[in-house]
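I'm opening my notebook on this one. Here is what I looked up, entry by entry.

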Protein chains: 2
Amino acid sequence: MSATMRDVARRSGVSVATVSNVLHNTAPVAEPTRLRVLEAIEQLGYRQNEVARSLKRQTTHTLGVSIPDSLNPFHATLALEVERRAHRDGFAVLVAETENDPETEMAQVRALVGRRVDGVIFPAVTAGSAIPSELLDRGIPVVVVSFEGQDERLGIIAVDEFAAMDEVVEHLLSLGHRRIAFAHSGQQEEQVDIRPEALRVALARRGLEPVAGVDAATAVCCTNDVVAIALLDEMERGGRRVPQDVSVVGFDDIPLAAHRRIDLTTVRQPAREMGRLAAEMVLSAIADRRHAAERVMIETELIVRGSTGPVAEAA
Amino acid sequence: MSATMRDVARRSGVSVATVSNVLHNTAPVAEPTRLRVLEAIEQLGYRQNEVARSLKRQTTHTLGVSIPDSLNPFHATLALEVERRAHRDGFAVLVAETENDPETEMAQVRALVGRRVDGVIFPAVTAGSAIPSELLDRGIPVVVVSFEGQDERLGIIAVDEFAAMDEVVEHLLSLGHRRIAFAHSGQQEEQVDIRPEALRVALARRGLEPVAGVDAATAVCCTNDVVAIALLDEMERGGRRVPQDVSVVGFDDIPLAAHRRIDLTTVRQPAREMGRLAAEMVLSAIADRRHAAERVMIETELIVRGSTGPVAEAA
DNA sequence: ACCACCGGTTGAAACGTTTCAACAGCGACC
DNA sequence: GGTCGCTGTTGAAACGTTTCAACCGGTGGT
């Protein structure tokens, strides 16, 4: 249905090799010939077949991004920035949604391998997961956003979640809180998530430990802003005011956290910068035909807003 | 680097044709042979090359989705549902972000053509755009979410924006509002958007016309919930309370609109259903090797919440 | 006058699949 | 005993590119 390079060659009276040369400046072509070819391309509405191109050169110019949940603005922003950066280098991005399910994640990764992506980014990799090595062993560079790397060959965008949580705890303690809980989303991601552990460590350092349910707590640290914002809603529908009765802290600092009606205390992560960095790491690894094997540290920042306040007098 | 079908064939002492047959049950294979092949596949960690597969069969099992802004939950939800549905049929989804820019959109569509997607979905097509015909002329089925179709061959998920806006206006008038404005995002999408026109028509029917700026209005209709929620923030920072001083109406009914602290009156669009429908339309068109050329109507529903109230006494 | 080189062009071999016609062996049927 | 029809298996031709060695005619140097 679509015109092929042979069609263009025939129409302009040259060989396919010449058409290819015109298209990629890969060898000098006489100007009149060049023009004839260009004209034929125009007339036929010829558009290169990237599939054939990918097969021949052994590269697809495609990145895979495997995110748990594209509805979470933090992940969506990061992925979008990867796409923007990749686009500049002529790469497309295949987004694979894992829906927080390890099985789905595995299936998605297999699909990415099948489609021969040139590199993969995991904005939130399952800790200790065997998945990256499935890729690394095939020579596919991988960048993960993770506190800790399990494999030498991995590129790592490291966020010091422990330092971040420490800052959060300090803030809450200074407000008088002692009964602090952690809240994650309902999903399976609990096993994946280092943040509850980071909270535990930060509390332990002060001789405290997290309390079990949010109901028993005077302050709640949430695994991310989406969970925190949902918790705001839930709390207030249950009759507990934020921050008068209970303080809530998020993570990520999505734009909505700064909204006047939400006004969420949270830990800022620079999503766009992280996305750009991840893209650049994997792109340069691809260009050099090596693994990403690099590590950069990301600074977080505690943003204090109105969702945290002094602990209520009579608990 | 990766094992190929020839490697598997060699290792199990059969021809590549037989390996292919084992993989796809496309011809009967003797059980012992089958097992030998399967074992070789296992040992080599062989994974089919979808690129080669796509080239040979003239289909990539890939859908393109071209959305203006993946950070808008409505679009993200729709796209996610497309992906889920497509995945069930073994299709992958290539998401192209247009960033509300016609040039980018065009470039993205060309990229999709280059990668030979089997079908394309536009959750928010530029009205009267020439883009779909670029695809349709190549025999690629296209589904758009749009109030009106310009091409017979297009599949259309139609939303009756005029009826929806009519309902909104009726609601606002019943609250006593007469000075009603429209708010769009800062992007280029103004030309693309039918909603301001729908508002104009609904007002005209009652002998009114929209007022120019949001400052002069007692009620503001926003092009979507994201804009409405941002407006809430902006208004209140400027000292105008919602809904006491000004009413705000959104569009889409994203989950956040129901949040107690947002509580936004809005027009519900069933994003997931629309995504599923769009996917099914384009998938069945692909299966039948024809254009989508179909039209379904989507019902909207006005959800009245706390962001609209009676007009203030002394304006 | 010869050779070397250079700009321009091309044929053909890959890349990793699918698919089709062909064929080998073999039991069954008349 | 020949023919038919099965079940398994295979060689080879595509699919649309890229790339490399090869070729051709002309020009400049010696």
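**Around DNA strand D**

I started here: α2(A) gives the most to the surface near DNA strand D, with five residues. My labels for helices (H or I, at least four residues) and strands (E, at least two) are DSSP runs, numbered from the N terminus. "Near" a molecule or strand means that a residue's C-beta atom, placed from the backbone, lies within 6 Å of it.

Housekeeping before I go on: this is a predicted model, where local features need pLDDT of at least 70, side-chain atom pairs count only at pLDDT 80 or more, and totals for chains, interfaces and linings use all residues. Residues are numbered from 1 along each chain as its sequence is written, while chains are lettered from A and ligands numbered from 1 in the order in which they are written.

**Around DNA strand C**

I looked at DNA strand C next, which has 28 residues around it; Ala17(A), Pro28(A), Met5(B), Ser20(B) and Asn49(B) come nearest. α2(B) gives the most to this surface, with five residues. The classes here are 14 nonpolar, ten polar and four charged.

**Helix α5 of chain A**

I checked α5(A), residues 73-88: its 16 residues reach 23 Å from first C-alpha to last, close to the 22 Å expected at 1.5 Å a residue. (The expected span is 1.5 Å times one less than the number of residues.) 13 of the 16 are buried, so α5(A) is largely enclosed by the rest of the structure. Buried means that 20 or more other C-beta atoms lie within 10 Å of a residue's own; exposed is 12 or fewer, partly exposed in between, with C-beta atoms placed from the backbone. Just after the helix, I spotted Gly90(A) with a positive phi of about 75°.

**Strand β5 of chain B**

How many residues of β5(B) are buried? Four of its five (155-159) are, so this strand is largely enclosed too. β5(B) runs parallel to β4(B), residues 142-145, through three bridges, and to β10(B), residues 294-298, through five. (Strands pair if DSSP finds at least two bridges between them.) I also noted who stands opposite whom: Val145(B) faces Ile157(B), and Val159(B) faces Ile298(B).

Methods:
Ala, Val, Leu, Ile, Met, Phe, Trp, Tyr, Cys and Pro count as nonpolar, Asp, Glu, Lys and Arg as charged, and the others, Gly among them, as polar.
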